[in-house]
Amino acid sequence: MIDFSKVTTPMPTPETAHFFQGTAIGELRLQRCDLCHEVYFPPRPFCPACGSKAVSVFAACGQGRLLSYVINHRPHPAFEGPYAIAIVVLEEGVKMMSNIINSAQTPEALRLDMPLQVVFRTISDDIVLPYFEPVGGDS
Amino acid sequence: MKSAAVAIVGAAETTELGKIPGMSQIQLHADAALNALQDAGLTLSDIDGVATAGESPTAVAHYLGIAPNWVDGTAVGGCSFMLHVRHATAAIEAGLCHTVLITHGESGRSNVGRAGRAAAPASLSGQFEAPYGGMGPTTSFTLPVLRFLKDTGTSIEQLASVVVSQRQWAMKNPRATLQTPITIDEVLSDRVIAYPFTKSMCCLVTDGGGALILTTAERAVDFPQKPVYLLGSGESTETPMISQMRDVTSSRAFRMSGARAFESAGITHSDVDHLMIYDAFAHLPLYGLEDLGFCARGQAGAMIASGETSPGGSLPLNTNGGGLSYMHSGMYGMYALQESVRQVRGSAAAQIKDVNISVCHGVGGMFAASGTIVMSGSRFR
């Protein structure tokens, strides 16, 4: 349902490069403050909770749950038919936008709070993006 | 006793609203500005401060031939004009300028002389949201609502009742774009735009503009129109990315802006005679009622469905018909402010009896920013 070659391509910055270096090798990288231990996303070289510049990059476990979504019915060049745009909450507590792949794009299949796991898809020569799928395959 | 230092002495919208293909965006600003000057009995040379969003204040001042002592180009989306009112009030009170013109104009439907708004691919939303197929407000503003409905126990029918209630107001307003009655079933069976939102639950896309003129409360009594005093205000921001709201069922920016506005005005909820809550989509009045504290969490749906905010109800809400039925050019905040001014003056199409306090609450971006203005017909309280 997604034509990955037509997905809008992100342009990494110096502050976000580690995230896309991670997805390229199958890691979903987050950051954690070394002082207050806040886990945060999207990437930046300081802690948004306490301002500390002592922060570390680590790989998330890749598990999450479906917080909310819409099913877009307007045509988009990269998507075939109505498709869901979702907010996923990772087990580490941060939220990210994504699509739910390997699943029907219907309210019946997409249940709030359903467990999800990360999967990676290549969209260009340089960029691999994280997507999410239902745990245990198609629901 | 609290005393307002600044008042709105001029207010007007563009001569036409809706489809205005014969006017560029900057001319919509000017058309509204000239109408507001006429309303106030002023000329361009009386203006020494300019604030706007969508266009730069430099461009608007130059186009109108104004040499300003003060400008504000705060651009945080549709509530920018609430922030302009707040900033202009502080500037006039501080003596930085005396008479401020705030303009809005947007060729939202006809796209005449309007800049694009796509997220830059190196911005955080360009990197972490745009790849997932968002189509702008219809898919991002709407994204939190399923979680809101589940966590607050609000039904989809209650969400649809927002559209029904506001249409009842629009039916009283000859300038409203949509004036035919609508039922909950019709709202829910309309064309799906982004599930669970149907077309009727999304705002209009129209052309138009509006302008306000503010000056000191001392001078305000000498103007032709009844002064609308600025009693209090608030503003805040949260995040430019819908996926990064701290709690997707409640807006931190709404809570902060609203609380500050009520506190600075010295009012409580029972003082409010009239309320505007920026409604780009049907769920915004639900968030607004709860985050501003007009009802407990999870009660806004029932409140609107019961008719409490409809014509004849105890808390008249979005009495021009709102962005859902009146008009929505893209940055609707100016039209909410205009309706609050009209209600306090006593000149609205669907006039509420004896409006002394009107609260006007705006959103900018997709729950990204907020501004709240408390207006009153009385200078002192």
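Chain A is divided into two domains, domain 1 (13–59) and domain 2 (62–139), with bounds taken from an automatic or database domain assignment. This is a predicted model, in which local features need pLDDT of at least 70, side-chain atom pairs count only at pLDDT 80 or more, and totals for chains, interfaces and linings use all residues. Residues are numbered from 1 along each chain as its sequence is written, while chains are lettered from A and ligands numbered from 1 in the order in which they are written.

The C-alpha centres of domain 1 and domain 2 of chain A are 22 Å apart. Between these domains, nine residues of domain 1 are in contact with eleven residues of domain 2; contact requires the C-beta atoms of two residues, placed from the backbone, to lie within 7 Å. On the side of domain 1 of chain A that touches domain 2, α1 (17–24) and β2 (39–40) each supply at least two residues. Helices (H or I, at least four residues) and strands (E, at least two) are DSSP runs numbered from the N terminus. The largest share of this side of domain 1, three residues, comes from α1(A).

In chain B, B:I184 belongs to helix α8 (residues 184–189). B:I184 counts as partly exposed because it has 17 C-beta neighbours inside 10 Å; a residue is buried with 20 or more other C-beta atoms within 10 Å of its own, exposed with 12 or fewer, and partly exposed in between, the C-beta atoms being placed from the backbone. Apart from neighbours within four places in sequence, B:I184 is in contact with B:E157, B:A160, B:S161 and B:V164. The C-alpha atoms of B:I184 and B:I267, 83 residues apart along the chain, are separated by 34 Å.
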